[in-house]
Amino acid sequence: MSGIQKLVLRRIGLGIVTLFIVSLLIFIGVELLPSDLAQEILGQAATPETVAAFRRELGLDQPAVIRYLEWVAGVFQGDFGVSLANRRDVAELVAPRLKNTMFLAGYAAAIAVPVAVTLGILAALFRNSIFDRLANVFALSSISLPEFFVAYVLILLFAVNIPLFPSLARIDDATPFIEALYRTFLPALTLILVVIAHMMRMTRAAIINVLAEPYIEMARLKGVPRYKVILRHALPNALPPIINVVAINLAYLIVGVVVVEVVFVYPGLGQLLVDAVAKRDFPVVQAVGLFFAATYISLNILADVLSILSNPRLRAKA
Amino acid sequence: MLRFFKTTPPTALLGLFIILSVAIMGVFAPFLAPYGETEVVGAAYMPWDSVHLLGTDNLGRDMLSRVIYGARNTVGLALLTTAIAFTVGATLGIYAALKGGWVDQVVSRAVDVLMAVPPLILALMLLAIVGPSIPNMVLVIAVIYVAPVFRLARASSMNIVVLDFVQAARLRGEGNLWLISREILPNITSTLVAEFGLRFCFVFLFIAALSFLGLGIQPPTADWGSMVKENATLITFGDITPLIPAAAIAVLTIGINFVVDWMLHKASGLKD
């Protein structure tokens, strides 16, 4: 096995171990609850018989180790247990919402990534110009603004004052694709505005970093036009940090949808998670939490692996 | 004093002004607010007029008074949370750098796991376990932010622990507490202070987001995040009142960022 394969496998292994530790932590957390979970959920009026029955149903009458192993075994078979709130199968509950969340995140990413990278390249090309300064101010303020503020301002502007788009993004399986794109435009735009700044700044920084290299000076002295210097000479060498920041922002998009979904009443995983936390519906929280953690960890691994692969020097070092 | 105003960039002055006003608003809330925090003063959703400058909220409470009290609650809790995270994170970080060996390994790996999970998701999962309430929220967010503070404190004290004066103090037989507080801490204070400002912003936005989701600061306590949520329906009628607490959050964060930028710039010794 070559060095690079070992490095990549090691990174993936570490991610899986982390995920296991996270699942264990969640599990132990429920275990360490000071009060009796069944008693707390059912309330004080519950008779001892109901509490005992509920404990049996939750499996709380079995040792913790067995319950954890059973839960993990279930997860591998796609069985996440039954929701405490409405007795529905968690996997069934999660599946359609997972699709919706991926749709929204994918929609936002499809627009945000090309726009951010293009803007970043332009900012590097015309640095210290008015355009660059404006982009800088935009980036700083978008980091400081809470997501729900951006979301509500967009609703006020484009759903109330100029009624172009719906303020609630309700979609279901029957919604046609184009219609779904239209209805989810405002939540997608909110997400785009939130992630674009970071990607743009990093792209700009990565390219400016490379521009200081001697081979760029060489290309300039040869008389290569400025845009060509950036596209042919600087961009390929600035790719690893750009890929990295894109992957991290994709991870953020999938995870950061929670607040946006709540604002727009979008039927996605984030809203399911928030509802489940409020109701303390543990099987649902565990399943959704595990999914979010897994996505976040795998995209971070992907970012690391891609930046190793796209850089010949890192490849050689490995 | 005049010199200070001349040499400080206008953005930093603006930032300082914002922070000071919010601090005054928070500390003197009971004297500044025209009505009580949870006092019902009229019908729900009354428009702006001379008696209720910003109208009333969904339960008929004075909006302006709640925004003023919100400064106390939201910002106060964010400060408390950041302070806890810094005390624990910095102490652990310096201690790990000082001791090395298995202590360092165990804490560092634990921090790796904490940082591998997205903060909001981790917070939601932990809140599901302990139940949403103010003390629980403060603790959960503090635990999450111990991780980055630990990393920073450990990394910056790594450079200090190898220096001669630390060795000398060790050989003198000083205890860990002395080494941490008197030998290492003074040398990494400037790094930690700038980081405190940035982390405070994150914690503040985090608390606002959790409260907005209904899982942070609980009613009837006035807080900028949940106020947006409670009155959000007004936006569909073109009323901007619910955006005021949200804007307050944004303005304070931008103000702090300005000041932190200026402090970092000064600390780095760069000349314009």
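Me: How does helix 4 of chain B pass helix 5 of chain B, in a left-handed or a right-handed crossing?
Reply: Helix 4 of chain B passes helix 5 of chain B in a left-handed crossing. A crossing is left-handed if the near helix is turned anticlockwise from the far one by less than a right angle, and right-handed if clockwise. Helices here are DSSP runs of H or I with at least four residues, strands are runs of E with at least two, and both are numbered from the N terminus.

Me: Before I go on, what sort of model is it, and how is it numbered?
Reply: This is a predicted model, in which local features need pLDDT of at least 70 and side-chain atom pairs count only at pLDDT 80 or more, while totals for chains, interfaces and linings use all residues. Residues are numbered from 1 along each chain as its sequence is written, chains are lettered from A and ligands numbered from 1 in the order in which they are written, and side-chain values use heavy atoms, with hydrogens and water left out.

Me: Back to that pair. At what angle do the axes of helix 4 and helix 5 of chain B cross?
Reply: Roughly 140°, with the axes of helix 4 (residues 63-99) and helix 5 (residues 101-116) of chain B coming within 7 Å. That makes helix 4 of chain B oblique to helix 5 of chain B. Axes are lines fitted to C-alpha atoms, for helices over the stretch in contact, and angles run from 0 to 180 degrees between N-to-C directions. Angles under 35 degrees count as roughly parallel, over 145 as roughly antiparallel, 65 to 115 as roughly perpendicular and the rest as oblique.

Me: Which residues meet there?
Reply: From helix 4 of chain B, Leu92(B), Tyr95(B), Ala96(B) and Lys99(B); from helix 5 of chain B, Gly101(B), Val103(B), Asp104(B) and Val107(B). Contact means heavy atoms within 4.5 Å. By class, this contact of helix 4 with helix 5 of chain B has five nonpolar, one polar and two charged residues. Ala, Val, Leu, Ile, Met, Phe, Trp, Tyr, Cys and Pro count as nonpolar, Asp, Glu, Lys and Arg as charged, and the others, Gly among them, as polar.

Me: What does Arg154(B) contact?
Reply: Leaving aside neighbours within four places in sequence, Arg154(B) is in contact with Gly93(B), Ala96(B), Ala97(B), Asp104(B) and Ser108(B). Arg154(B) is placed in helix 7 (residues 134-161) of chain B.

Me: Why does Arg154(B) count as partly exposed?
Reply: Because the relative accessibility of Arg154(B) is 23%. Buried means under 20% relative accessible area, exposed over 50%, and partly exposed in between (1.4 Å probe, protein chains only).

Me: And Asp57(B), buried or exposed?
Reply: Asp57(B) is buried, with a relative accessible area of 1%. Asp57(B) is in the loop between helix 3 (29-32) and helix 4 of chain B. Not counting residues up to four places away in sequence, Asp57(B) touches Ala44(B), Tyr45(B), Met63(B), Arg66(B), Glu230(B) and Asn231(B).

Me: Switching to the interchain side. How do helix 14 of chain A and helix 6 of chain B cross?
Reply: The axes of helix 14 (residues 282-309) of chain A and helix 6 (residues 119-130) of chain B come within 10 Å and cross at roughly 165°. That makes helix 14 of chain A roughly antiparallel to helix 6 of chain B. The crossing is left-handed.

Me: Which residues do the meeting in that pair?
Reply: Phe282(A), Val285(A), Gly289(A), Leu290(A) and Phe292(A) in helix 14 of chain A meet Ile121(B), Met125(B), Ala128(B) and Ile129(B) in helix 6 of chain B. By class, that contact has eight nonpolar, one polar and no charged residues.

Me: What does UniProt list for residues 98-303 of chain A?
Reply: The unreviewed entry gives "domain: ABC transmembrane type-1" for residues 98-303 of chain A. UniProt positions are in the numbering used here, feature names are shortened, and annotations may be inferred rather than shown by experiment. Over residues 98-303, chain A is 83% helix and 0% strand, with the end C-alpha atoms 22 Å apart.

Me: How many helices and strands per chain?
Reply: Chain A has 15 helices and zero strands, and chain B has eleven helices and zero strands. Buried residues make up 46% of the 318 residues in chain A and 49% of the 272 residues in chain B.
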